[in-house]
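Hi everyone, thanks for coming. Let me put the structure up on the screen, and then we can walk around it together.

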Amino acid sequence: SRSLFDITIVCTTDDHQADYWMKRLAEGICKSDDASSSFPMVLAVSEDWAKGGAGNGLGTLYAYQKACRVAQEKYNLDINALLKEEKVSAALYHTAGKGTRLAPLPASENNNKPGVKLPVCHELNDGSFAPITVLEAVVKQTGVYALSRKGRLSVFWGDQIFIPSAPFKYTPTHHADIMCTLLGGSAPTAEEWAEKGLDKYGVIAVSSGPEKNAAQVEKVDHATATKMLKVLGDIGQVGPSLGSFSVSALLLQALCNEYKSELTAKEGKFDTDPHFWMPLTLPEGDYIALMNQKGVDGAVSKVHHERMSKMKSGFDMGSMGLFGAVDVGQDACWWDYGLLKLYSENNLKFLDNDLNSDLLREFFAVTSKHMNSTIGESTKVDDASLISSSKIKSGSISNSVIAGVEAVDVNIDGAIVVNCTAKKIVAAKNSILYNLIDDSEEGIVAGEGDVIVSVTEENGDMMELRSKHSICGGKAWKEKVEGNEMTFEEVMVKNFGSNVSVIEEKRKELFKKTSSSFGDF
C-alpha cells in the first residue's frame, strides 16, 4: 500500500506550473481512494518573490502560508489548526529554479523543471501509461515518512530520490529534525574527518547524551568543528546533511512570526542552514566565524544571531528538544536527477544487476524488461534493455532505456530515449533523445553523446535544442552550443510564462497525429 502525506505542497516558479501540478498530482500519485475525505490534498503555489528569490528558508515559510490561504479559499480548511492538533501530516517540495545543470531537459518542459520525465512509465488515472516525472517519483518516495510526522511540516527538494536503509518510522523528539547520513558509532578522528571529505559538506553532529541534540556546521576542518560543537558536550555521531528537514507546527509558527515583516513585504533572502539551523545551534562567536568564511560581514552575522537567539529564548519547547537528526543510514540509495550527467548515469542504472539497481527497479515497479509495449518480431532486443509503453516495428535495441517511444525502425545502443516518435530513430552510446516528434523520412539521428530535445510552444511550433553528454549546462548557460540558434538562458527567457498544461496537451496531440501517420505497429 502507498504511503502519502495528507497534504502535499509544491512550490513552483509560476502560476501555470502550480495549476499543472495541482491537477497532475491530484489525479495521479496523490489521487484519493476515499471520495468522502479531503485528503490526500495537493496545494501548489508559485514563489512570486522579489528578484533573487526568497532562499529556501523564507521560501518554505512563504509557500506554506500561501498554501494555507489556498486551502482556506478552495476547501475551507484551516491547515494551521489541523497541523497544531496533529491531525494531518504535510510535506512541501521545492521545485523552483532554473535547472541550469540539467539543461537542455528543463527547457523541453518549458521551464517546468520538476516535470522532467524519467525513462520508465506509470499508470495514470485514465488507465493510460506515461513516463513518470522526477517530482512524482520524489513524492512517492518521501511518503514513507508521513506516518511518523503528524503535526509536522516536512520539506524536501524536488530532484533527489533517496531510499533510506535506516528505519523510517520514528517518533520525533525535536521541534526541528534534519536528514543526514550518520557515519559510524562514534565521533570521527581528524584523519577520518578528512578522509570522508566532511570539510566539504554541511555536517550534522549529534550529542552522545540521551537527548540526542544536534548542531550544524558547514565546510570546516576537524579542529574547527570540534571547537564549535563543544556546545553539544560529547559528540556521539556526525555525518553529512541531506538538507531535507521537518519542523513541528509550533516552531513553524514561531518562524513565521519572526519573519513576518519579510514575508509581508516579500523581501529578503534567507536559507535554512546558514540562517535558521546554524544560528539556533551554534554560539555567537562560532557562527560569526563560520559566516565570515562565506564572505558575510561579522556585524551582519552578529545581528542575525541575536535575532534568532531572542526567538529561541521566547520559544516554549515543552518536552521536546530544539534540533535533532534523522539518520537515513549509510547504505541508503541516492539518485540525483539535478545534473545532466547524473540523469544519464542514474537512468542507465536500470540496466545493471547490483543491489542498487534492484532497488531502483523495485521502487519504479519495473517487473519485466518489456512493459506495456508492442515490439515487432523482426526487432532485435538484448537481455539488458528496458522498454516501457513503446511501439517499435523493427530494428535493434541494446543497452538502452526507452519509454513512451513509437517508431517504425530503430537502431538504439547505450542510449536513453523518452517520449519520442519518428519513422526512424538512430541513437548512439550516451545519447539522450527527449520529447522529439519527427515525420521526416530520415528521422532522428543522434551520434555518441548527443543530447537532442524539442521545445514546444502553445501554438504547436517546435524548436530543436542540442547539447552533449559532456557539456554542463550551468557552465555553458550563456553560450550557443552544438549549432543552437539560442543559448540555454535565452530559451529559458523565451519560455517564461508558458502555459505548461496547454503545451502538454498540444504535444500529446502532435505526437498522436505523427505516430498514427506511420500506420499500424
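To begin: leaving aside its neighbours within four places in sequence, which residues is E86 in contact with? The answer is K150 and G151, where contact means heavy atoms within 4.5 Å.

Before going on, a word on where this comes from. This is a predicted model, in which local features need pLDDT of at least 70 and side-chain atom pairs count only at pLDDT 80 or more, while totals for chains, interfaces and linings use all residues. Residues are numbered from 1 along each chain as its sequence is written, and side-chain values use heavy atoms, with hydrogens and water left out.

Back to E86. You will find E86 in the loop between α3 (79–84) and β3 (90–94); helices (H or I, at least four residues) and strands (E, at least two) are DSSP runs, numbered from the N terminus. Is E86 buried or exposed? E86 counts as exposed because its relative accessibility is 55%. Here buried means under 20% relative accessible area, exposed over 50%, and partly exposed in between, with a 1.4 Å probe and protein chains only.

Now compare F323, in strand β12 (residues 321–327). F323 has a relative accessible area of 4%, so it is buried. Beyond its neighbours within four places in sequence, F323 is in contact with residues including H174, I204, A215, W277 and T281. Take A215: 108 residues separate it from F323 along the chain, yet their C-alpha atoms are separated by 7.0 Å.

The largest nonpolar core has 122 residues, and L153, Y343 and F364 have the most contacts inside it. By nonpolar core I mean a set of buried Ala, Val, Leu, Ile, Met, Phe, Trp, Tyr and Cys residues joined through side-chain atoms within 4.5 Å. Helix α2 (residues 55–75) gives the largest share of this core, nine residues. A second, separate core has 19 residues, among them V405, C420, A422 and L436.

Let's turn to helix α16, residues 500–516. Its 17 residues reach 24 Å from first C-alpha to last, close to the 24 Å expected at 1.5 Å a residue; that expected span is 1.5 Å times one less than the number of residues. The buried residues of α16 include V500, I503, L510 and F511. Seen down the axis, the buried residues of α16 fall within an arc of 130°, so they line one face of the helix; the arc is that of the directions from the helix axis to the C-beta atoms. Turned away from that buried side, another face carries the exposed residues K512, K513 and S516.

Finally, some backbone details. Which peptide bond is cis, with omega near 0°? That is the bond from F39 to P40, and P40 sits in the loop between α1 (15–27) and β2 (41–46). The bond from A103 to P104 is cis too, with omega near 10°. N399 has a phi near 45°, a positive value in a residue other than glycine, and N399 is in the loop between β18 (391–398) and β19 (401–403). With a relative accessible area of 39%, N399 is partly exposed.

That's my tour, and I'm happy to go back to any part of it.
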